[in-house]
Amino acid sequence: MIMCLSAIMPMNPSVGAIFMVMVVLTMFHVGVVTRGCIERERQALLEFKAAMVDDYGMLSSWKGHDCCHWNRVRCSNLTGHVTALDLHGDSTENEYTFVERFLRGKIPNSLVELQHLKYLNLNSNDFQDRHIPEFFEGSIPYQLGNLSKLLYLDLTLNYLQGTIPSQLGNLSTLQELYFNMDDQYGALKIEDDGNGVGGQWLSSLTSLTHLDLGSVLNLNNSYNWILAISNISTLTQLSLYSCGISDHFIFSQRLRLPRFKFPNSLSDLDLGANTFTSSPILFQWLSNVTSNLVELDLSFSLLGGSTSKPFDITMESLERLNLSYNQINVGDLKSFANICTLSSLTVFNGILAEDLESILHYLSAGCVTHSLQELDLSYNQITGSIPDISVFPSLKRLFLSHNQVRGKLPDNIKLPSELESLSFGSNYLEGGIPKSFGNTCSLESLDLSDNNLTGELLVAIQHLSGCARYSLQYLDLRNNQFNGTLHDVSIFPTLKKLYLSGNKLNGKVREEIQFPSQLETLIMNSNSLEGVITESQFHNLSKLKVLDLSGNSFVLKINYDWIPPFQLQVLMLQQCMLGPYHRKWLQTQKYLIQLDISNAGISYITSEWFWAISTRVDKMNISYNNLTGLIPDLPLRFTEYPSISIAVNHFEGPIPVFFRRAESLDLCSNKFLDLALFVCSNGTAERLGQLDISDNILSGQIPNCWSNFKSLAYIDVSNNNFSGQVPTSMGLALELRVLILRNNSFSGELPISLKNCTNLVMLDAGENKLSGIIPPWIGSSLQQLQMLSLRKNLFFGSIPSALCSLTRLYFLDLSVNLIKGQIPKCFKNFTAMAHEEITSNPEGHSYTVPHIYGPLYGYDYDIITLLMWKGAEQNFKNDKLLLKGIDLSSNQLLGDIPSELVNLVGLVSLNLSRNNLTGSIPWEIGRLVSLDFLDLSRNHLFGSIPSSLANINRLSMLDPSRNNLSGMIPIGTQLQSFNATSYEENQGFCGLPLEKLCFVKEPNQEPLAKTQKDEHDDFIQAFFMSMGLGFFVAFWGIFGTILFNRSWRHAYFQFLNKLTDKVATSWH
């Protein structure tokens, strides 16, 4: 700057001095402010920062003297005053991830010092139906009304409560004002004296163009506010979303304010999430109080047509109408067909159940057939097949996903010539893609996912290669039945997103295949493709962001030093062979959000680089590789709260502390040695919800430091060498759903603190050395339990009757203990076992995490566990765990088998073997029609096998051996199919499959009285005597020999089997 001034400075010193003064003065007036922002305002900003909890470093740049250079702060170039403060929360959500940043705390009064502020944005952003964390809380400071130069104020989606201060009416220059709190998180009200008077201050905002009163609670019984709004002649957009407004408000407004009308300037009105039950009444009212509406949102409003007949709508400028999440019927559609200006109609997630052809016919019967450009009927129950859509000549976007449309896509189907976007996803369509799709020259987006479409992928591509090839940007064919291999798709030069996952693609992908240069997303996972992938196939993909090749058999042969032209956000290469060493090209990817290189044959990674990149990801999976060595405990901090799986490798040493900031952590099947630092480090593990450290070589006593894990819902420490008592602090993990302690050497009693974990769904403490009585508090406190396994421990005493309170229990394993006493009759209270059907239980596989960031975050988890099933240990996952069973085997139980057990008709497995049970088998045991496994062996049962047992046609394993049972084995295909060893050591058994047959004595019959004499009586009598004698000799001559000669008997039955096979073959 000095060089520039000296170059233009006059040679005369006095003139030069004057020139310098003028330049300095001009700098201050023109806006080159060298001293930074106003100190008073800088201090106000620092006070604001001190009042905030900044978990994401949004205000980290707020230091130093020049606040005008701080992030999210703007100053006037002329005066240095702060004029804009943009502190909105950021969120990024797509199908792969959800990332957020926000502040929390109370809005301090120091903002009032920013008297030149024109723009103030404290919006936490729209989180699209997710649980929204606490952002700001408390009430709105009335001092905000002193910021007289404010043009823009946004307080949307915060945790504010109380009355909106009337001092905001002083902001006469305000143009945009947003309050929407979302009724789950805020509770703002407008002042009201109880007589419908309130909100007069709104009439002072004469410059207002945008007003959002969403979730302001008491508008339904107040009327002055709406009168005030009618006087704002500049208002163009008004949102009354979720304000509790109802039909009652409409009727009352007509009486109190019969001449009310919204401003003529109003073009955009949002009345969603209110309670308008009648479409005719609502639209009649809107026709009277608005005149120039262009956009109307009535979603979530409980609207339902009271009649199937159409009604009149006088809205001559309406272009966009949203009726999603209502109960709109066909009669309503007929009414909307006469809105001649309507270009967009959305009836998303409704109850339309007519066939598609009829629905389109109703709409096309009116003038809307010429104006309609966008039609969204997704998520209804629409049936029928695809009709002619070209009846809407102006249609550009048609969405019909998630309905019940069936049949083939007609080869001669006609599409509107201007169609840009077409979605038939998640229906029941069959056949291939018609050529007419490819001849729609304006087509940009085509979604045919989740159908039953078939044929070769090459044919589908050829059918789309008409003039649509030059416009198509989005093509989604995932989850169909397309076959063949992947062919060159570079013929679509504008294609940005391509989804081919979940088909039946197979064969080798040629190395010379090319992709469009505009491609951003390439997803073709879960097929059976193979071949070599090289960098030459990606050399022109500079815009690629998402690459998913997982679930195929690709081999990546990429040069070690290759530098890709792209920066990926998602890279999924599960099951693709990368080779033993990671490639350098991976290190160039600096913006990864998700990374899955599991089961990829990797045996070495550069630790510092890899774990540094992991701090930025949302999900990372490197499981099922051959990675070894220590994970350095680097001073790292995950930017987000990632899901991390490094399972089934050979990592060793201590578990690093920086993993505590994960959301889900799977470290199973490694060689980790030490848990102490990870568990007992200072600070709270805010969001860690799942921790799996099973199948390592961890030993000693588990540290008693679990109080810092407030969000843990899933803990698996099974198959280690832990000993000592189970830590009492585990009972402080109040969100715990699953606790797996199996196959360690824990001793002593289960800690009573676990009774605090009232959300427990699964408790598996089997195969340890735990002792004492079975705690009654399990039944009285853990009412949500669905699975309880205490097998193979040293528990003694009787089974507490308190367990019978576990009505949701569907799997109980107390086997291999020292339990005595009788089987409680109250087991009949296990009502979850009393239903035959096996249904999924979503709440058992998801959890929410409360934490310091506000309300709740929802997560899913898998239950994968080892259970004794049919006498052997088997792995089960998720819904397969809902097989219902009771295992009390290998104890010292006494008494009868309670007959009440036959009420548990959903039982699939019942094992009472190796006890001291007496009495008979319950006679109605045949009611257990779902039974697949029944083991009653090695007891002292007597009596016969109930004949009802033969009615159980699902039974695949039966063992009543080594008892005192007797009588004939009931005849039934299942019971005779079991091996004879299943019945052994019951001295009184007879009948197949045993060799010992049963002889049944026929009852004596009285001789028939003679009623008539016949001359041939003697002859007939002699004849029948001879016949009987002949039958006797023949029968015992043949079958007697077979009966007592074992080899003859086997030969005879083999002959019968062969004869039967021949007869059966001749019939087929």
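This is a predicted model: local features need pLDDT of at least 70, side-chain atom pairs count only at pLDDT 80 or more; totals for chains, interfaces and linings use all residues.
Aspartate 813 counts as buried because its relative accessibility is 1%, and buried means under 20%. Aspartate 813 sits in strand β52 (residues 811-813), while arginine 791 is in the loop between β50 (787-789) and β51 (794-798), so the pair ties together parts that are 22 residues apart in sequence.

Next, select aspartate 764 and arginine 742. Here the closest N and O atoms of the salt bridge are 2.6 Å apart. Strand β48 (residues 762-764) holds aspartate 764, and the loop between β46 (738-740) and β47 (745-748) holds arginine 742, so this pair ties together parts that are 22 residues apart in sequence. Both aspartate 764 and arginine 742 are buried.

Then go to arginine 737 and glutamate 735. They form a salt bridge with closest N and O atoms 3.7 Å apart, and both are buried.

For a network of salt bridges, select Glu295, Glu319 and Arg320. The structure holds 15 salt bridges.

Now turn to nonpolar residues. The largest nonpolar core has 268 residues; among those that touch the most other members are Trp225, Phe336 and Phe659. Helix α6 (residues 279-289) gives the largest share of this core, five residues. Which residues does phenylalanine 659 touch? Leaving out residues up to four places away in sequence, they are Trp611, Ile631, Phe638, Ile644, Ile646, Leu665, Leu667 and Phe678.

Finish at a second, separate core of eight residues, including Tyr714, Met787, Tyr810 and Ala832.

Key
Residues are numbered from 1 along each chain as its sequence is written. Side-chain values use heavy atoms; hydrogens and water are left out. A nonpolar core is a set of buried Ala, Val, Leu, Ile, Met, Phe, Trp, Tyr and Cys residues joined through side-chain atoms within 4.5 Å. Buried means under 20% relative accessible area, exposed over 50%, partly exposed in between (1.4 Å probe, protein chains only). Helices (H or I, at least four residues) and strands (E, at least two) are DSSP runs, numbered from the N terminus. Contact means heavy atoms within 4.5 Å. A salt bridge is a side-chain nitrogen of Lys or Arg within 4 Å of a carboxyl oxygen of Asp or Glu.
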